[in-house]
Amino acid sequence: MAMLPNPLPKLAADPTGRTLGLALPPGALIDATADGPWLEPLLWYADEPAASDTWSRLLPARAAAGLHPVLIEAGVEYKGLEHWELAPGMMSYPGGHDAEEVLAELWEECADEEWPGLAPAAAAFETDPDTRAAEVTRSLVESGGLRHARAALVHARRSADIPASIGWCGPLNHENDVAVLCAVLRSWEDRFGIRVVALTFDQLTLSVAAPPRTLEDAEAIAAEHYAFCPDNIDQGHHKTLSAYAEHEVLDREAWHFWWD
């Protein structure tokens, strides 16, 4: 399915984005991929480190130009963007995949039990998803959870599509086509109000507007997390689904994923 025109090339001649209704700080357009320059910019990347309110200050770019904010942790110790080896050519369209089919297939590859099915959707979002995303990004920056983060803007249909839109390969050892995982993110966006708020070379952070408040619901979601990112449990501190659900999912307003 064709994307709407990418507004990022306009920033080459208009760095502040005024023609798009924006007022951007100094930054650069990134088109570098593992196979050389991409045919158009993949993202706008700020020159200066992110402040605690950076994500919320850039949010109007979504309505004005279809550009979604995300924090990028790409300092030297986290592998600078030039080493990320983005691969947009490897990505399909997230809307072309069914989230439950994706999770069921991935579950079969990493679990011995029968796929339990999707967790039920939240009855209602506790707060606006963008408000929660602003809170989570503020906390990440102020706590030092993201020490070298910079702001980025990505042309995408929705926040869940950000990883595929830039050709991010963080889960490469688990799934080569990140659009497949973005189909799951779309489902979580619909069911739990997630936003893709931060990326590193191999880590993904989501804000969650409707986190589970019972252990039963948390365990159902934990099964989805395991299929989505087995390393969270297999190489994490909590080696069982129930322990992971209790400590990493229950009442958590941010979900973190890491692939080896």
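This is a predicted model: local features need pLDDT of at least 70, side-chain atom pairs count only at pLDDT 80 or more; totals for chains, interfaces and linings use all residues.
Some ground rules before the details. Residues are numbered from 1 along each chain as its sequence is written, and side-chain values use heavy atoms, with hydrogens and water left out. Local features need pLDDT of at least 70 and side-chain atom pairs count only at pLDDT 80 or more, while totals for chains, interfaces and linings use all residues.

I start with helix 4, residues 99–110. Helices here are DSSP runs of H or I with at least four residues, strands are runs of E with at least two, and both are numbered from the N terminus. Helix 4 has twelve residues and spans 17 Å from its first C-alpha to its last, close to the 16 Å expected at 1.5 Å a residue; that expected span is 1.5 Å times one less than the number of residues.

Which residues of helix 4 are buried? They are Ala-99, Val-102, Leu-103, Ala-104, Leu-106 and Trp-107. Buried means under 20% relative accessible area, exposed over 50%, and partly exposed in between, with a 1.4 Å probe and protein chains only. These buried residues pack against helix 7 (178–192), helix 8 and helix 10 (241–249).

Now the pairing with helix 8, residues 215–228. The two helices pack at an angle of about 75°, and their axes are 8 Å apart. That makes helix 4 roughly perpendicular to helix 8, a label for angles of 65 to 115 degrees. The axes are lines fitted to C-alpha atoms over the stretch in contact, and angles run from 0 to 180 degrees between N-to-C directions. From helix 4, Leu-103, Leu-106, Trp-107 and Cys-110 meet Ala-223, Glu-224, Tyr-226, Ala-227 and Phe-228 in helix 8, contact meaning heavy atoms within 4.5 Å. By class, that contact has eight nonpolar, no polar and one charged residues. Ala, Val, Leu, Ile, Met, Phe, Trp, Tyr, Cys and Pro count as nonpolar, Asp, Glu, Lys and Arg as charged, and the others, Gly among them, as polar.

His-174 sits in the loop between helix 6 (162–165) and helix 7, and its side chain reaches the backbone oxygen of Phe-228 at 3.3 Å.

Next, Asn-232, in helix 9 (residues 231–234). It counts as buried, at 13% relative accessibility. The Asn-232 side chain reaches the backbone oxygen of His-256 at 2.8 Å. Neighbours within four places aside, Asn-232 is in contact with Tyr-244, His-256, Phe-257 and Trp-258.

Most residues other than glycine have a negative phi. Glu-85, in the loop between strand 5 and helix 4, has a positive phi of about 55° and is exposed at 54%. Asp-251, in the loop between helix 10 and strand 9 (254–258), has a phi near 65° and is partly exposed at 40%.

Methods:
Angles under 35 degrees count as roughly parallel, over 145 as roughly antiparallel, 65 to 115 as roughly perpendicular and the rest as oblique. A polar contact is a pair of N or O atoms within 3.5 Å; within protein, one must be able to donate a hydrogen and the other to accept it, and residues adjacent in sequence count only if both atoms are side-chain atoms.
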